[in-house]
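Subject: Structure handover

Hello,

Here is the structure I promised to pass on. My notes follow below it.

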Amino acid sequence: MSVPHRSRAALAALLALALLALPQVLSAAGKRPITETDLFRFVWLADPRISPDGRQVAFVRVTVNQKKDGYETALWMVPADGSAPARPFTTGPHDSSPRWSPDGRWIAFLRSVALRDQRSEDGGKDKDKDKQPQIHLIGAQGGEAFQVTDVPEGVSAPAWSPDGRTLAFISDANDRDLAKQNARRKHSGGEEEHESDVRVVTSAIYRFNGAGFNDTSHPGHLWTVEAPAPGASLPEPRQLTRGTFSEDTPVWSRDGKLLYFASDRVKESYYEKPNGDVWSVPAGGGEIRPAVDVDGPAGEWAASPDGSRFAFAGFLNPEKRRSY
């Protein structure tokens with residue numbers, strides 16, 4: 001049965017009126033343009049890590065703390081096949097960098113805490129300015145996390161050895177920081193030496209927007225620490241590299257005998273063409289040797305199982321400069 005012409009016209013008119021009224025209806029239903037305060041409601045996911053058996057994914061959930069004008073992070077867990085929703089794994093508020101042990105029984109991660117000797121001096125107060133990221137361990141099935149490192153200036157980039165007995169990491173702590181920490185522990189409550197805030201600038205590039213002044217007295221160096229059992233005392237970390245150049249991104253060789261790391265070992269490298277190589281050092285300490293040395297930056301690198309070859313992303317510098 002066909003619809004009469006007048007009925008079709010009426011239907012068209014009603015449809016036009018409905019379309020005209022749609023924005024007002026949507027507005028009444030709570031639709032609105034985004035505003036700057038909506039940023040506080042954003043949630044980010046970062047640093048996903050798949051368990052050795054491929055069944056679970058640990059990741060970092062990032063939210064905004066509007067009152068403190070900063071970010072809060074916690075570890076979450078989700079089945080790799082998506083069979084269940086993600087669930088909180090740690091309480092945060094400053095947990096990051098989850099790393100599965102090779103056997104899948106433990107997760108090492110970074111948690112910002114106050115140094116133990118500082119807590120004893122200030123009566124147990126947890127001051128945000130004194131908090132530094134330290135390695136913690138937690139069972140893969142959950143439970144109570146326990147601290148592994150207590151290094152001045154904090155640590156970063158934890159990496160398990162293939163046998164699961166040792167953790168490598170990067171720390172900016174220098175000999176002066178370690179001496180001050182030892183002095184505080186031996187003479188708790190004593191008067192601390194005043195440190196001058198005068199800066200002597202000796203390089204052309206000495207600060208960056210957002211990051212502040214370059215702290216040349218605190219280059220990042222490579223350390224290792226034994227993975228302790230729950231309830232054991234804090235193990236003593238071992239520093240493997242020293243000097244004026246920073247190291248980053250530690251990776252163990254498959255046999256656990258070497259540690260590879262990234263480093264640009266050129267003084268005032270901003271005067272030179274882009275460069276960044278991969279180096280190695282014996283896991284027990286010793287001489288640093290180049291592993292990947294090309295005329296250009298080498299990043300996102302990975303070693304072959306026997307360590308004889310490397311794959312990496314980067315480029316070779318052209319013969320003629322293409323910038324100032």
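First, a term. Helices (H or I, at least four residues) and strands (E, at least two) are DSSP runs, numbered from the N terminus. With that, Asp69 sits in the loop between β2 (56-65) and β3 (70-79).

This is a predicted model: local features need pLDDT of at least 70, side-chain atom pairs count only at pLDDT 80 or more, and totals for chains, interfaces and linings use all residues. Residues are numbered from 1 along each chain as its sequence is written, and side-chain values use heavy atoms, with hydrogens and water left out.

**Overall**

The protein has three helices and 20 strands. Of its 324 residues, 33% are buried. Buried means under 20% relative accessible area, exposed means over 50%, and partly exposed is in between (1.4 Å probe, protein chains only).

Contact means heavy atoms within 4.5 Å. Take the contacts between residues at least 6 apart in sequence: 42% of them join residues at least 24 apart.

Most residues other than glycine have a negative phi, and most peptide bonds are trans.

- Asp69 is not a glycine, yet has a positive phi of about 55°. At 67% relative accessibility, Asp69 is exposed.
- Ser97 also has a positive phi, near 55°. Ser97 belongs to strand β5 and is buried, with a relative accessible area of 15%.
- The peptide bond from Gly92 to Pro93 is cis, with omega near 5°. Pro93 is in the loop between β4 (87-88) and β5 (95-100).

**The cores**

A nonpolar core is a set of buried Ala, Val, Leu, Ile, Met, Phe, Trp, Tyr and Cys residues joined through side-chain atoms within 4.5 Å. In soluble globular proteins, nonpolar side chains tend to be buried together.

The largest core here has 14 residues; Ala108, Ile135, Leu137, Val155, Leu167 and Phe169 touch the most other members. Another core, of 12 residues, lies apart from it, with Val62, Trp100, Ile107 and Ile138 among its members.

Beyond its neighbours within four places in sequence, Leu167 is in contact with Ala108, Ile135, Leu137, Ala159, Trp160, Trp223, Thr224, Val225 and Trp252.

Pro237 also contacts Phe169; its other partners beyond four places in sequence are Val151, Trp223, Thr224 and Val225. Pro237 is in the loop between β13 and β14 (238-239). At 21% relative accessibility, Pro237 is partly exposed.

**Helix α3**

Helix α3 (residues 175-186) has 12 residues and should span 16 Å at 1.5 Å a residue; its end C-alpha atoms are 17 Å apart, which agrees. The expected span is 1.5 Å times one less than the number of residues. Which residues of α3 are buried? They are Asp177, Gln181 and Arg184. These cover an arc of only 65° around the axis, so they are on the same side of α3. The arc is that of the directions from the helix axis to the C-beta atoms.

At the start of α3, a side-chain oxygen of Asn174 comes to within 3.2 Å of the backbone nitrogen of Arg176.

**Two more sites**

Ser51 is in the loop between β1 (44-50) and β2. At 5% relative accessibility, Ser51 is buried. A polar atom of its side chain lies 3.2 Å from the backbone nitrogen of Arg55. Ser51 touches Gln56 and Trp100, leaving out residues up to four places away in sequence.

Phe315 is in the segment after β20 (310-314). Phe315 is partly exposed, with a relative accessible area of 45%. Beyond four places in sequence, Phe315 is in contact with Pro274, Asp295, Gly296 and Pro297. The C-alpha atoms of Phe315 and Pro274 are separated by 9.3 Å, and the two residues are 41 apart along the chain.

Best wishes

Key. Polar contact = N/O pair within 3.5 Å; in protein donor to acceptor, adjacent residues only side chain to side chain.
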